[in-house]
There are 2 protein chains.
Amino acid sequence: MAVYTDVSFEELEVFLTAYDLGEPHVFKGIAEGVSNSNYYLQTEKGAYILTLYEMRVEAADLPFYLGLMEHLAGAGIRCPTPVRARNGEVTGLLNGRHAAILTFLDGVSLRRPTAEHCQQAGLALAGLHKAGQSFTGTRKNALGLVSWRKLADDCAAGADSVADGMRALIDEELAALEAAWPAALPQGIIHADLFPDNVLFVNDRVSGIIDFYFACNDALAYDLAVTLNAWCFEPDGAFNVTKARALTAGYQQKLALSSDEKAALPLLCRGAAIRFLLTRLYDWINRNPAALVRPKDPREFARRLRFHRTIKNAEAYGL
Amino acid sequence: MAVYTDVSFEELEVFLTAYDLGEPHVFKGIAEGVSNSNYYLQTEKGAYILTLYEMRVEAADLPFYLGLMEHLAGAGIRCPTPVRARNGEVTGLLNGRHAAILTFLDGVSLRRPTAEHCQQAGLALAGLHKAGQSFTGTRKNALGLVSWRKLADDCAAGADSVADGMRALIDEELAALEAAWPAALPQGIIHADLFPDNVLFVNDRVSGIIDFYFACNDALAYDLAVTLNAWCFEPDGAFNVTKARALTAGYQQKLALSSDEKAALPLLCRGAAIRFLLTRLYDWINRNPAALVRPKDPREFARRLRFHRTIKNAEAYGL
């Protein structure tokens, strides 16, 4: 978590001349996000986040991400809303980076969500899926099933240095997933990264969903599988079925899962676990000791994957 | 600029039970300060900074720093004010660090202050000196004249690797300063680090002075010399006498300099330059390539020192 691109107040002032936001009163770099530089900005008109998009975000995808947030906000979802410049654009250039100003949302992210928070998160995810149905933009899931083989190949040589048996686990799992991956599940806009960091709460109610920079079109139930992986394991690695029950129940308050989706859930959870296992493994093997960001431990998701491999049906997830 | 000590929302919640600040609504690590970890905190009651004091700040000095800010705020100076816990304490322990909650000040720090901003900064410095006169706490200047020799010795072996002639410049200068340093100038509470980062502006007016963690008792005119060094040189190294004139004029709007202070100013400016030269040089030589903070270039202050050595009297500073 870091600010990669430095912006002086004077550079901000020039950038703001394109907007109708009035005089800036507060401007502080915030230690948030691993892919972008973020500044907290307060002007006469309100509170905002100024985001500078660094290398990891494809400029070509920005209209999708920002258009999606604008659409969702218009549909009543609490998420950052891009502020348009007077010329109608949602992005501008600032210190060599594409940059956008988004509304700032009050709320805090939880490190140890309770079952009730999980239920709220499930409800919010379903709300997002429903609101996404009327969005016309599309983006392929760049970290979906078809991407995993290449990531695995890139990690193959280093995998066992991270944990014994890691390479075999991945090979075996990928073969199984490629053979059995369900293709006909209901599709739509998914968040694809709904970890507790990306859900804000005020007084134990969801006050916002943030970080849409992995959003894409994919199976809705896969997004639920990502969220189960992200919210329902304890720090000691144990699966918390009470939280899973709460999360899926919250989801189904708004959007009922089909029998196909339920049947696929164990496999989707394995897929979601290997997706985060692979990206973390890649970042771990290729980490730069001088980098500002410490890579996350990939082994956590190897344990989650092993858990999901023991599951025979969706009942284990409280369904 | 970094957050060194991680605080989860749940850890914050426990810490806040000792305070009457109501429910927290926003909690974000901010990329500010090189010695401490800082979080932006918004609760029902207002906006605050939560500071965790890291190694560089002596715990024994915290009552001085926090007491000073409380005193100055009571005297009408816009500076962060410590919030007392219900038990009356201004610090508590959080994740193994001493921690304090201070009021948050609106305002932005300038990278390229104009002469008018310099005049404002001078005025604010004099206001701080005046308000400090009734403060009873005391703290020696740990980075004053007597500390420079040891710093120079610690840097001696590495100095010339940073710039040719650096070691000789320092040795020669220290001998001169030790021989001629004025001992009888008016003393008081000084900020001792009033760089543009530490002065906040809203609509071109000073809205706050921050970062009192070098404050101490020393010659008031030495603080003006620090501030001249910090505000009146251009990025290309040139001294801007218009800014110096504005700064000293601003100062004297509130507090007239004595003839002794004026006469000492060139020497005090040399002292202030070598103080920052030495600490930067030390940090540069002892830098850790994996650290989150990039050290500042010490050579900038070698240039400033060389400039001050050419000055014969305070008129050169616009006095």
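The contact between the two chains of this predicted model takes 32 residues from chain A and 32 residues from chain B, where contact means heavy atoms within 4.5 Å. About 2900 Å² is buried between chain A and chain B, 52% of it on carbon and sulfur atoms. Buried area is the accessible area (1.4 Å probe) that two parts lose on being put together, summed over both. Glu10(A), Lys28(A) and Arg111(A) supply 21% of the area that chain A buries against chain B, more than any other three residues. Of the interface residues of chain A, 100% are also interface residues in chain B, so the copies meet through the same surface. Chain A is superposed on chain B by a rotation of 180 degrees with 0.0 Å of shift along its axis (RMSD 0.0 Å). That is the relation of a two-fold axis. The superposition is by least squares on the C-alpha atoms of residues with pLDDT of at least 70 in both copies.

The rule finds 11 residue pairs in polar contact across the interface of chain A and chain B (both at pLDDT 80 or more). A polar contact is a pair of N or O atoms within 3.5 Å; within protein, one must be able to donate a hydrogen and the other to accept it, and residues adjacent in sequence count only if both atoms are side-chain atoms. On the side of chain A that touches chain B, the elements giving two or more residues are α1 (9-16), β1 (24-30) and β2 (36-43) of chain A. Helices (H or I, at least four residues) and strands (E, at least two) are DSSP runs, numbered from the N terminus. β1(A) gives the most to this side, with six residues.

Two salt bridges cross the interface of chain A and chain B. A salt bridge is a side-chain nitrogen of Lys or Arg within 4 Å of a carboxyl oxygen of Asp or Glu. One joins Arg111(B) to Asp6(A), with the closest N and O atoms 2.8 Å apart. Arg111(A) also forms a salt bridge with Asp6(B), at 2.7 Å between the closest N and O atoms. This pair runs from the loop between β5 (97-103) and α3 (115-132) of chain A to the segment before α1 (9-16) of chain B. Arg111(A) is partly exposed at 46% relative accessibility, and Asp6(B) is partly exposed at 41%. Buried means under 20% relative accessible area, exposed over 50%, partly exposed in between (1.4 Å probe, protein chains only).

Over all chains the count comes to 28 salt bridges. Arg149(B) and Glu178(B) meet in one of 2.7 Å, N to O. This pair links helix α4 (residues 145-162) to helix α5 (residues 166-180) of chain B, 29 residues apart. Lys243(A) pairs with Glu234(A) in a salt bridge, the closest N and O atoms being 2.9 Å apart. Lys243(A) is buried, at 10%, whereas Glu234(A) is partly exposed, at 24%. Glu172(A), Glu173(A), Arg270(A) and Arg309(A) are linked in a network of salt bridges.

Thr51(B) is found in strand β3 (residues 46-53) of chain B. Its relative accessible area is 3%, and Thr51(B) is buried. The side chain of Thr51(B) makes a polar contact with that of Asn38(B) (2.7 Å).

Residues are numbered from 1 along each chain as its sequence is written, and chains are lettered from A in the order in which they are written. Local features need pLDDT of at least 70, side-chain atom pairs count only at pLDDT 80 or more, and totals for chains, interfaces and linings use all residues; side-chain values use heavy atoms, with hydrogens and water left out.
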